[in-house]
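Welcome, and please have a look at the model below before reading on.

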Protein chains: 2
Amino acid sequence: MAGEYMDFEAQITQMKKIKERMDRIRRKILVMSGKGGVGKTTVTVNLANALVDAGRKVGVLDTDLHGPNVAKMFGVEGRLMETEDGTSLFPVEPRPGLKVVSLSFALSDSDAPVVWRGPMKLAAIKQFLADVEWGNLDYLLIDTPPGTGDEPLAVIQNLPGLTGSIIVTTAQAVAVADSRKSVTFSRRLGVPILGVVENMSGLRCPHCSHEIPIFGIGGGKLMAQDMSVPFLGRVPIEVELREAEDAGTSWVSEPAAGPSAVALREIASYIDALEDDYLEMIEAEAKKVKAEADEADKRTQEENRNGGYA
Amino acid sequence: MAGEYMDFEAQITQMKKIKERMDRIRRKILVMSGKGGVGKTTVTVNLANALVDAGRKVGVLDTDLHGPNVAKMFGVEGRLMETEDGTSLFPVEPRPGLKVVSLSFALSDSDAPVVWRGPMKLAAIKQFLADVEWGNLDYLLIDTPPGTGDEPLAVIQNLPGLTGSIIVTTAQAVAVADSRKSVTFSRRLGVPILGVVENMSGLRCPHCSHEIPIFGIGGGKLMAQDMSVPFLGRVPIEVELREAEDAGTSWVSEPAAGPSAVALREIASYIDALEDDYLEMIEAEAKKVKAEADEADKRTQEENRNGGYA
């Protein structure tokens, strides 16, 4: 991970490599959340499995350097990436059609904390984008840490042709408030928003079947409407889903799996059915919004320089 | 927030100011978690309220610049800090005996994401430590973002006389794996660990009273035993707790509040009853562990320099 000391020419070479790799992937989707623990990784992992079940070739890149749980949920914890020529890295394949890359594959001691500073994280993410041999994929899902910090910014600024973002929230007021920031963040950086998922949306008691609104119900949908972004659906809490995650098995692939699996499969089908025309339209719209914001920022800066606020 | 451009002399002045402020606070406790969404802020806010109920003077510093929810849970969202002389900042006081400082008090638009880079976050945290006029306090609880990144590191390296850390986890395997990293992180940096709280530990169905192990039960306690740190208790999930948070009222202060309030009050009593002798002992122990790790690192570096791995 020596990328933070790269000279100018080496950076150009790396960017060309990233472009080549990314051109072989049809759709590249960022999965974000404003707040931690809303189940962003759960959504990523289950959407990936559902897309593979539908016959798609899917890659998952886990950029959460502080808590890499993707590997655990795919049941490939402790596995190492392989290389043949010393420069390309081969993803781990938990099942046919699925390729996974996570920082945890490069960590020797799983109890060790990762005290990565911003520039090192940026270098690591760029290196992953440049050096991982994904091959041809239909989807690359990129799991980012919660919030609007270094990692999602590094992905957005260094991944050419990003299709869009999925924003995961719970209905809880504090989570909704934070996920509004993710919407604003996506917009400001010109990333089309594919939609909002309301996760952990109610729990059906396994004993008496009553619905229990642990984190509330409906807050994510209201936020999506209020901020004019598509609402992709609500995923209820299920104890069996958590157990499948801890065991590293694919919950959505279980034919008898409960309502959370049904909801996650429906979201995957919706994403997979999105027309290229629609994606081009929202991309153009997102670029326009960004250009306008850039222009407004530039004007403010010029006014400041000209003593407008002196 | 111009701290990232400070010259050497200004930094010395700032460090002296931090020392003076911190000397007036009896106990300074860092609340950490390995993974987001385990209820770290819930634990912080409720411990603070329980300590105030017990007659203590308590400050809460919210260093989570990406999702500042402390203010919302104390019911003081949108409030601004005040200054009289232009240099000291006065905390917001949600109730007598409680003082709160959060980045959200300095943000104008609550939908705006905070794309703070590492050095800016460090500068902001130092400025908060130096400029906030806490006065005399019994406790300062510092809420840090999940993980082992810039913010907890900035607090640890810039807060003299830190009493120790409380690590919050759920029983879920992925959360436990991440919180082990927080234990290792605390140890490596010489911060005494006051103990581990297992939050969201089971839910009692409000309709049929059966216990539902949503995130599992017991994983945090096992981790605490395995890593030889004190276990502070398990806090069950309650829908009413989440509703109190969304409303910004103090859950632990409700006489009729359920088992989660009882558990949180017990943890607060335990912390408040800790003897100074015990705290000095674990501080000495933590410093010893850090010195040994520093020494081992130094040896490894020297071996590398001497061509040990050449």
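This is a predicted model: local features need pLDDT of at least 70, side-chain atom pairs count only at pLDDT 80 or more; totals for chains, interfaces and linings use all residues.

## The interface

The contact draws on 52 residues from chain B and 51 residues from chain A. The area buried between the two chains is about 4400 Å², and carbon and sulfur atoms give 61% of that area. For polar interactions, the rule finds 12 residue pairs in polar contact across the interface of chain B and chain A, both residues being at pLDDT 80 or more. Across that interface it finds zero salt bridges.

Which elements of chain B supply at least two residues each to the side that touches chain A? They are helix 3 (70–73), helix 5 (150–158), helix 6 (173–188), strand 9 (211–212) and helix 8 (239–247). Helix 6 of chain B gives the most, with eight residues. By residue class, the side of chain B that touches chain A divides into 24 nonpolar, 16 polar and 12 charged residues.

## Salt bridges across the sequence

Over all chains, the structure holds 36 salt bridges. One of them joins the side chains of A:Lys40 and A:Asp143, at 3.1 Å from N to O. A:Lys40 belongs to helix 2 of chain A and A:Asp143 to strand 5 (residues 137–143), so this pair ties together parts that are 103 residues apart in sequence. Are the two partners buried or exposed? A:Lys40 counts as buried because its relative accessibility is 7%, and A:Asp143 counts as buried at 1%.

A second pair is A:Arg56 with A:Asp272, whose side chains meet in a salt bridge at 2.9 Å, N to O. A:Arg56 sits in the loop between helix 2 and strand 2 (58–62) of chain A, while A:Asp272 is in helix 9 (residues 259–272), so the pair ties together parts that are 216 residues apart in sequence. A:Arg56 is partly exposed, with a relative accessible area of 29%, whereas A:Asp272 is buried, at 17%.

A:Lys181 forms a salt bridge with A:Asp178, their closest N and O atoms being 3.9 Å apart. Both residues lie in helix 6 (residues 173–188) of chain A, three residues apart, about one turn of the helix. A:Lys181 counts as buried at 6% relative accessibility, and A:Asp178 is buried with a relative accessible area of 2%. Elsewhere on the list is a network: salt bridges that share partners join A:Arg188, A:Lys290, A:Asp294 and A:Asp297.

Let us end with A:Thr42, which is found in helix 2 (residues 40–53) of chain A. Its relative accessibility is 9%, so A:Thr42 counts as buried. Which residues touch A:Thr42, apart from its neighbours within four places in sequence? The contacts are with A:Met73, A:Leu241 and A:Glu245.

How values were computed. Residues are numbered from 1 along each chain as its sequence is written. Chains are lettered from A and ligands numbered from 1 in the order in which they are written. Side-chain values use heavy atoms; hydrogens and water are left out. Contact means heavy atoms within 4.5 Å. Buried area is the accessible area (1.4 Å probe) that two parts lose on being put together, summed over both. A salt bridge is a side-chain nitrogen of Lys or Arg within 4 Å of a carboxyl oxygen of Asp or Glu. A polar contact is a pair of N or O atoms within 3.5 Å; within protein, one must be able to donate a hydrogen and the other to accept it, and residues adjacent in sequence count only if both atoms are side-chain atoms. Helices (H or I, at least four residues) and strands (E, at least two) are DSSP runs, numbered from the N terminus. Ala, Val, Leu, Ile, Met, Phe, Trp, Tyr, Cys and Pro count as nonpolar, Asp, Glu, Lys and Arg as charged, and the others, Gly among them, as polar. Buried means under 20% relative accessible area, exposed over 50%, partly exposed in between (1.4 Å probe, protein chains only).
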